[in-house]
Amino acid sequence: MLSIKEMQKEIYLKQKEYLEELRVNDPGSYEKLTKARYDYYKGWRELNPDYNKEWLRAYYKKYPDKFKEYQRRHREKKRALKEVANL
C-alpha cells in the first residue's frame, strides 16, 4: 500500500510525463493549457496578494530554528563568495 506522499509523487510524475508528451505531440494544446494555468494563477495572486507574507509568517512561528539555520547558511555562502571575489 502506498503512502500519501508516494501517491502524490506518482501523480506528479504522471502529470509531468503527460505534459511532456503533450508539448511534443500537440504544441497548440500545450500552449492553451499553459496559458490557462498562467491566467488562473495570475487571477488567484490578484485575489490573494498577501498570501506569501501570511504563509511565511505562520511558518516562521512554527519553525523558527529552520529559519535561523537558513539565515546562517545564507550568510556563510555570501561570505564565501566575497572571499572568492577578493582573491
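**Entry 1**

I began with Tyr41, which counts as partly exposed at 43% relative accessibility. I am working from a predicted model, and I keep that in mind throughout. Next I looked up Tyr40, and at 51% relative accessibility this residue counts as exposed. The cut-off for exposed is over 50%, so Tyr40 at 51% passes it, while Tyr41 at 43% stays in the partly exposed class.

I then asked how many aromatic pairs the structure holds. I found 6 of them.

**Entry 2: Tyr59 and Tyr63**

Is the pair of Tyr59 and Tyr63 stacked, tilted or edge-to-face? Their ring centres are 4.9 Å apart and the planes stand at 55°, so I wrote the pair down as tilted. Tyr59 has a relative accessible area of 27% and is partly exposed. Tyr63 is also partly exposed, at 32% relative accessibility.

**Entry 3: Lys66**

The charged end of Lys66 sits over the ring of Tyr63, and I have it at 4.5 Å from the ring centre. Lys66 itself is found in helix α4, which covers residues 64–86. With a relative accessible area of 46%, Lys66 is partly exposed. I also took a distance from Lys66 to Glu76: the two are 10 residues apart in sequence and 15 Å apart in space, C-alpha to C-alpha.

**Entry 4: α3 against α4**

I describe two packed helices by the angle between their axes and the distance between the axes. For helix α3 (residues 51–62) and α4, the axes come within 5 Å and cross at roughly 100°. That makes α3 roughly perpendicular to α4.

Which residues make the contact? From α3 I listed Leu56, Tyr59, Tyr60, Lys61 and Lys62, and from α4 Pro64, Lys66 and Phe67. By class, I have 5 nonpolar and 3 charged residues in this contact, with no polar ones.

**Entry 5: α1 against α2**

I turned to the other helix pair. The axes of helix α1 (residues 4–25) and helix α2 (residues 27–47) come within 6 Å and cross at roughly 130°. I therefore put α1 and α2 down as oblique to each other.

On the α1 side I listed Leu19, Leu22, Arg23, Val24 and Asn25, which meet Pro27, Ser29, Tyr30, Leu33 and Arg37 in α2. Sorted by class, the contact of α1 with α2 has 6 nonpolar, 2 polar and 2 charged residues.

**Entry 6: Asn86**

I finished with Asn86, whose place is in helix α4. Is Asn86 buried or exposed? I found a relative accessible area of 67%, so Asn86 is exposed. Last, I looked up the distance from Asn86 to Arg72: they are 14 residues apart along the chain, and their C-alpha atoms are separated by 21 Å.

Key
Residues are numbered from 1 along each chain as its sequence is written. This is a predicted model: local features need pLDDT of at least 70, side-chain atom pairs count only at pLDDT 80 or more; totals for chains, interfaces and linings use all residues. Side-chain values use heavy atoms; hydrogens and water are left out. Helices (H or I, at least four residues) and strands (E, at least two) are DSSP runs, numbered from the N terminus. Buried means under 20% relative accessible area, exposed over 50%, partly exposed in between (1.4 Å probe, protein chains only). Rings of Phe, Tyr and Trp (its six-membered ring) pair if their centres lie within 6.5 Å; planes under 30 degrees apart count as stacked, over 60 as edge-to-face and the rest as tilted. A charge sits over a ring if NZ of Lys or CZ of Arg is within 6 Å of the ring centre and within 35 degrees of the ring normal. Axes are lines fitted to C-alpha atoms, for helices over the stretch in contact, and angles run from 0 to 180 degrees between N-to-C directions. Angles under 35 degrees count as roughly parallel, over 145 as roughly antiparallel, 65 to 115 as roughly perpendicular and the rest as oblique. Contact means heavy atoms within 4.5 Å. Ala, Val, Leu, Ile, Met, Phe, Trp, Tyr, Cys and Pro count as nonpolar, Asp, Glu, Lys and Arg as charged, and the others, Gly among them, as polar.
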